[in-house]
Amino acid sequence: MRLLLVEDEPDLLSGLARALRKAGYAVDTAGDGEEGLFKATSTDYDAIVLDVMLPKCDGWAVLTKLRETKSTPVLMLTARDRSADRVRGLDSGADDYLVKPFDVPELLARLRAIIRRAAQQACSVIEIGAMRIDPAARSVTLAGAAVTLTAREFVVLEYLALHRGEVVTRTDLYEHLFDENEATLSNILDVHIFNLRKKLGHEFIVTRRGHGYSIEG
Amino acid sequence: MFFPRSIRWRLQLWYGALLVAALGGFGFTAFHLEKARQFRRIDAGLQERLSALVVALRTGTRQSPAAERRERPPGPAPLTTLRLTPEQTAMFGEGTGYYFAVWMREKDPIRRSENAPAELPRPADQKSAVRMRGALRESFLFAAPVDCVLVGRSIAAEQADLRTLAAALAGVGGAVLAAGLIGGGWLVTRAIRPIDEISTTAAKVAAGVLAQRINTTETDSELGRLASVLNSTFARLDAAFAQQAHFTADAAHELRTPVAVLLTHTQNGLASECANEEHREAFEASQRAGQRMRRLIDSLLELARFEAGQEPLRRDTCDLAKIAGDNVVLVRPLADARGIQIHAELSPAPCHGDPERLAQVLTNLLSNAIEYNQTGGAIRIVTERANGTAKLTVSNSGPGIPAADLPRVFERFHRADRARTAGHSGLGLAITQAIVQAHGGSIEARSEPGVQTTFTVALPA
């Protein structure tokens, strides 16, 4: 899962980025509205965390312009907690709204919720056959037995499971699993897929030669 | 709408009084001038005939026996002859209405015209005068060669004319007065209308519609100038409120962002695997401080918005008893944890207000009652209808508030007992008071130290 975090306060930006990366997200950051809008329109993020008060171009303007081209889920962060502000945020096309200061676990839960909704999953736990994937607990069980995955492996599995029944290209996977700062090795994805197959069974992830991978729903 | 003290009616009253005085003065003068003119004319007629009679008496010119016979009245024999020329005779008689009488120091006149009234006393001794007897006007003269000569006539017709004149004057005066009062009322209404407009607008501004301005078309009139001054006052008020609103919004951002930084980093630190026990304690302390700061900021901003009138309040019909009942259920676990009994006597107390805000009032008062109670104590909560208000009473059996501190319990950051308030912002009662006052209600605290402390809220029903 790849996120864009737009926040002008450097300490908050670094702290949030750290928390989100720890939660297994690939995180791109932007320090002002213009940069945020440029990144948001040029990459398909799984979700965007957008501060309202931003230099150059405020959060409302970024959201309005973004909605002209993309329907990426957006969670707005703001210091204003009046209900009129919240209504305005949701009416402008934000998917959720969180008032600063917030608790990190709440932010993570809300992010999972908007990502899940965007993938049209109503249930927070994904079940495929005998496998249960719990994104909140970041745990996988296969026929009741816990499977230990690395953070990256979990993310690859989660992304494929959220898009099950579809063919996910290698480019898609690269784009959603690694942030802008990671120098990705071309075969790192093959390593993750290999390990996942070893832990979950070989038939689970199907290779579509020349296209990508898929999990049958 | 009749206000005995209103400028409008006072103006009308003065205006009417002045009009009555002016019209009365004119009418009175006109009537008396006419009356004097009439009497002068009557007296001139009488005087003319009196002179003619005196001349006739003095000359005593011989008249024809026929004439003498004709003039001679029945009764005592004449002591002197009175012969009147035909012109003089024409002055008296039935057609003219004039009569005369002549006395020679006797009770009855020696001569009198036939049309003279039967009752005709001799005038008292006077040189020359006129007198009124009923509707009769008589002019007389004590002159030689006789004793007294009197000429008179009835002036009933003239008096009737004067009465008609008086009635006409009164009628016209009344009509002018009525027209004047109506016209005056119209003028006053026109003059007062801008004042009504000004007060309506000012009332709206006072009620919080700060964008209202008085419509000033006549900027040069006195009221126009007043309206301009008021408008600029309203504009400054509006700007001050807008500035306050901006300030709270800015303060919200400036205060909350650092707390967000603090909480994010402490929570990251707590989630970190490499934190040891010492680090963890430090992070937890920081997190507690951060959370407390967050509650404090929330409460302060809420209070600031209430004071600036920016906090929108719903006005639903709700029952305090129901809100209280719900809140008692919510806080019961807290009370149980300290062994405190809650006695609720909730009779219906309907009021108009924002149910969420009123629930906040109850939560604050109840958690306050639990916090400042002694372990194993009791809380009594009562809702009832009283004198057109919905009344809520929350009492606790805690150690109470010293009388000196009582007036200050609703102040921000005031604490009766500084030792035992770590988790609280010290703004709960201030917010409670702000909410109650925003609803147009009142709240008061009473305490008997060592017995019980009671908070009473009255809300308009």
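In chain B of this predicted model, 63% of the contacts between residues at least 6 apart in sequence join residues at least 24 apart. Chain B contains nine helices and 12 strands. Of its 461 residues, 25% count as buried.

**Helix H1 of chain B**

Helix H1(B) covers residues 7–59, which is 53 residues. From its first C-alpha to its last it reaches 77 Å, close to the 78 Å expected at 1.5 Å a residue. Buried residues in H1(B) are Leu46(B), Arg49(B), Leu50(B), Leu53(B), Ala56(B) and Leu57(B).

**Nonpolar cores**

The largest nonpolar core has 108 residues. Leu3(A), Leu5(A) and Ile48(A) have the most contacts inside this core. With neighbours within four places in sequence left aside, the contacts of Ile48(A) are Leu3(A), Leu4(A), Val6(A), Ala40(A), Thr72(A) and Val74(A). Another core, of 21 residues, lies apart from the largest one; among its members are Tyr98(B), Ala101(B), Trp103(B) and Cys148(B).

Strand E4(A) spans residues 74–78, and five of its five residues are buried, so the strand is largely enclosed by the rest of the structure. In a regular strand, side chains alternate between the two faces of the sheet.

Strand E3(A), residues 47–51, runs parallel to E4(A) and is joined to it by four bridges. Within this pair, Leu50(A) stands opposite Met76(A). Between E3(A) and E4(A) the chain passes through helix H3(A), residues 59–69, in a right-handed β-α-β crossover.

Strand E5(A), residues 96–99, is also parallel to E4(A), with four bridges joining the two. Here Thr78(A) is opposite Val99(A). The chain goes from E4(A) to E5(A) by way of helix H4(A), residues 83–91, and this β-α-β crossover is right-handed.

**Contact between the chains**

How many residues does each chain bring to the contact? Chain A supplies 16 residues and chain B supplies 16 residues. On the side of chain A that touches chain B, helix H1(A), residues 10–22, gives the largest share, seven residues. By type, the residues on that side of chain A are eight nonpolar, one polar and seven charged.

**Local backbone features**

A cis peptide bond joins Lys100(A) and Pro101(A), with omega at about -10 degrees. Pro101(A) sits in the loop between E5 and helix H5 (104–118) of chain A.

Two residues other than glycine have a positive phi, as tabulated below.

| Residue | Phi | C-beta neighbours within 10 Å |
|---|---|---|
| Ala143(A) | near 50 degrees | 9 |
| Asn387(B) | about 50 degrees | 7 |

Ala143(A) lies in the loop between strand E8 (139–142) and strand E9 (145–147) of chain A. Asn387(B) is in the loop between strand E9 (378–386) and strand E10 (389–396) of chain B.

Definitions and conventions. Residues are numbered from 1 along each chain as its sequence is written. Chains are lettered from A and ligands numbered from 1 in the order in which they are written. This is a predicted model: local features need pLDDT of at least 70, side-chain atom pairs count only at pLDDT 80 or more; totals for chains, interfaces and linings use all residues. A residue is buried if 20 or more other C-beta atoms lie within 10 Å of its own, exposed if 12 or fewer, and partly exposed in between; C-beta atoms are placed from the backbone. Two residues are in contact if their C-beta atoms, placed from the backbone, lie within 7 Å. A nonpolar core is a set of buried Ala, Val, Leu, Ile, Met, Phe, Trp, Tyr and Cys residues joined through C-beta atoms within 7 Å. Ala, Val, Leu, Ile, Met, Phe, Trp, Tyr, Cys and Pro count as nonpolar, Asp, Glu, Lys and Arg as charged, and the others, Gly among them, as polar. Two strands pair if DSSP finds at least two bridges between them. A crossover is right-handed if, with the strands pointing away from the viewer, the path from the first strand over the helix to the second runs clockwise. The expected span of a helix is 1.5 Å times one less than its number of residues.
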